[in-house]
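Please open the model in your viewer and keep the selection panel at hand. The tour below moves from one selection to the next and says what is there at each stop.

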Amino acid sequence: MITMVKTSPNAAPSKQQSQILVPTDTEGVEILEGMQVFGEDHAPRGHMHIRFNNVRVPKENILLGEGRGFEISQVRLGPGRIHHCMRSIGKAEKALELMVKRSGTRVAFGKPIAKLGKNIEVISRARIEINAMRLAVLQAAKAMDVLGNKEARVYVSAVKAMVPEKVCDIIDAAIQMHGATGISQWTPLATMYTDMRHLRFADGPDEVHHMVVGRAELQKYDLW
Ligand SMILES: Cc1cc2nc3c(=O)[nH]c(=O)nc-3n(C[C@H](O)[C@H](O)[C@H](O)COP(=O)(O)OP(=O)(O)OC[C@H]3O[C@@H](n4cnc5c(N)ncnc54)[C@H](O)[C@@H]3O)c2cc1C
């Protein structure tokens, strides 16, 4: 397994971590349990709770060099984050399609659900937000192509902060429009929701990405 470890606490913040290869059969590696996600057992492909008891590996196991762990992560995280957003928009489209079809055909109080309350606005907002997300992701992808991963990081953080949260909201609205069916096995919405909810943590919680975007705004006026 690859571990991310703080090896150089006195270096600049982005040079403090190293990535180190640790074979799982190394003495001192203790696999405690597989972690569940929303009550689902993700083992064996999933996420392990691991304790390291004075584990030692040869210094050649350090990847790329001491203090370069963050650099390795950044190469993967930029494209990884934008890829998460692209897939998430696909899920939002699916949720909207299901919401429209259900609300246009299911009748309650003598009308299709789409015509009750402010459900038409819920559908409209989902469409508007999907279109906005798609354009923002396109902008971030272009920034990565033109400026490179490092310079594009604010654009990438912006979409990573926005898309999983908004897509969770859209899937949640689709669930609500389906009634109890929405959380049953008759639609993929429940699975889509839990999968999407974990993306608000994976590759950085929303708040950390908002910190990147907010800080960049303050820096424009020399206020950070
Ligand atoms: C199923 C799953 C898969 C994952 N896969 C990956 C992966 O492949 N790669 C990856 O990088 N991460 C991944 N993660 C995310 C990672 O494991 C951590 O959950 C994430 O980095 C947050 O760390 P933490 O859980 O220790 O929360 P903490 O660091 O304890 O943070 C807890 C909360 O504090 C708040 N917070 C933290 N920092 C700030 C801040 N600067 N400003 C304001 N509020 C803040 C946020 O609300 C945050 O949710 C995954 C998570 C899950 C659940």
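Which residues of helix 4 (residues 189-198) are buried? Select the helix and colour Leu189, Met192, Tyr193, Asp195 and Met196, which are its buried residues; a residue is called buried if 20 or more other C-beta atoms lie within 10 Å of its own, exposed if 12 or fewer, and partly exposed in between, with C-beta atoms placed from the backbone. Helices (H or I, at least four residues) and strands (E, at least two) are DSSP runs, numbered from the N terminus.

Two conventions apply throughout. Residues are numbered from 1 along each chain, as its sequence is written. The model is predicted, and local features need pLDDT of at least 70, side-chain atom pairs count only at pLDDT 80 or more, while totals for chains, interfaces and linings use all residues.

**The whole chain**

Zoom out to the whole chain, which has five helices and eight strands and whose elements run, from the N terminus on, β-β-β-β-β-β-α-β-β-α-α-α-α. Colour residues 2-61 as domain 1 and residues 74-219 as domain 2, bounds that come from an automatic or database domain assignment; the centres of the two domains, taken over C-alpha atoms, are separated by 31 Å. Along the principal axes, the C-alpha atoms fill a box of roughly 70 × 50 × 30 Å. The chain has a radius of gyration of 22 Å, whereas a compact globule of 224 residues would have one near 17 Å; this radius is taken over C-alpha atoms, and the globule rule is 2.2 Å times the number of residues to the power 0.38. Buried residues make up 25% of the 224 residues, and, among the contacts with a separation of 6 or more, 60% are between residues 24 or more positions apart.

**The largest nonpolar core**

Select next Ala95, Met99, Ala140, Val159, Ile170, Ile171 and Ala174, which touch the most other members of the largest nonpolar core, a set of 37 residues. Helix 1, helix 2 (119-147), helix 3 and helix 4 each supply at least two residues of this core, and helix 3 gives the most, with 15 residues. A nonpolar core here is a set of buried Ala, Val, Leu, Ile, Met, Phe, Trp, Tyr and Cys residues joined through C-beta atoms within 7 Å.

Centre on Ala140, which, not counting residues up to four places away in sequence, touches Ile82, Ala152, Tyr155, Val156, Ala158 and Val159.

**Two stops along helix 3**

Move to Val167 in helix 3, which counts as buried because it has 30 C-beta neighbours inside 10 Å. Leaving aside residues up to four places away in sequence, Val167 touches Ser88, Lys91, Ala92 and Met196, and its C-alpha atom is separated by 8.2 Å from that of Ile130, 37 residues apart along the chain.

Continue to Ile175, also placed in helix 3, where 22 C-beta neighbours inside 10 Å are the reason that Ile175 counts as buried. With residues up to four places away in sequence again not counted, Ile175 touches Gly182, Ile183, Leu189 and Tyr193; of these, Leu189 and Tyr193 are among the buried residues of helix 4.

**The ligand shell**

Which residues are around the ligand? Select Val37, His47, His198, Phe201, Ala202, Asp203, Pro205, Glu207, Val208 and Met211, each with its C-beta atom, placed from the backbone, within 6 Å of the molecule. Helix 5 (residues 206-219) gives the most to this shell, with three residues. The shell divides into six nonpolar, two polar and two charged residues, where Ala, Val, Leu, Ile, Met, Phe, Trp, Tyr, Cys and Pro count as nonpolar, Asp, Glu, Lys and Arg as charged, and the others, Gly among them, as polar.

**Two positive phi values**

Finish with the backbone. Most residues other than glycine have a negative phi. Asn54, in the loop between strand 6 (48-52) and helix 1, has a positive phi near 45°, and Asp222, in the segment after helix 5, has a positive phi near 55°. Asn54 counts as exposed because it has 6 C-beta neighbours inside 10 Å, and Asp222 counts as exposed because it has 6 C-beta neighbours inside 10 Å.

Terms used:
Two residues are in contact if their C-beta atoms, placed from the backbone, lie within 7 Å.
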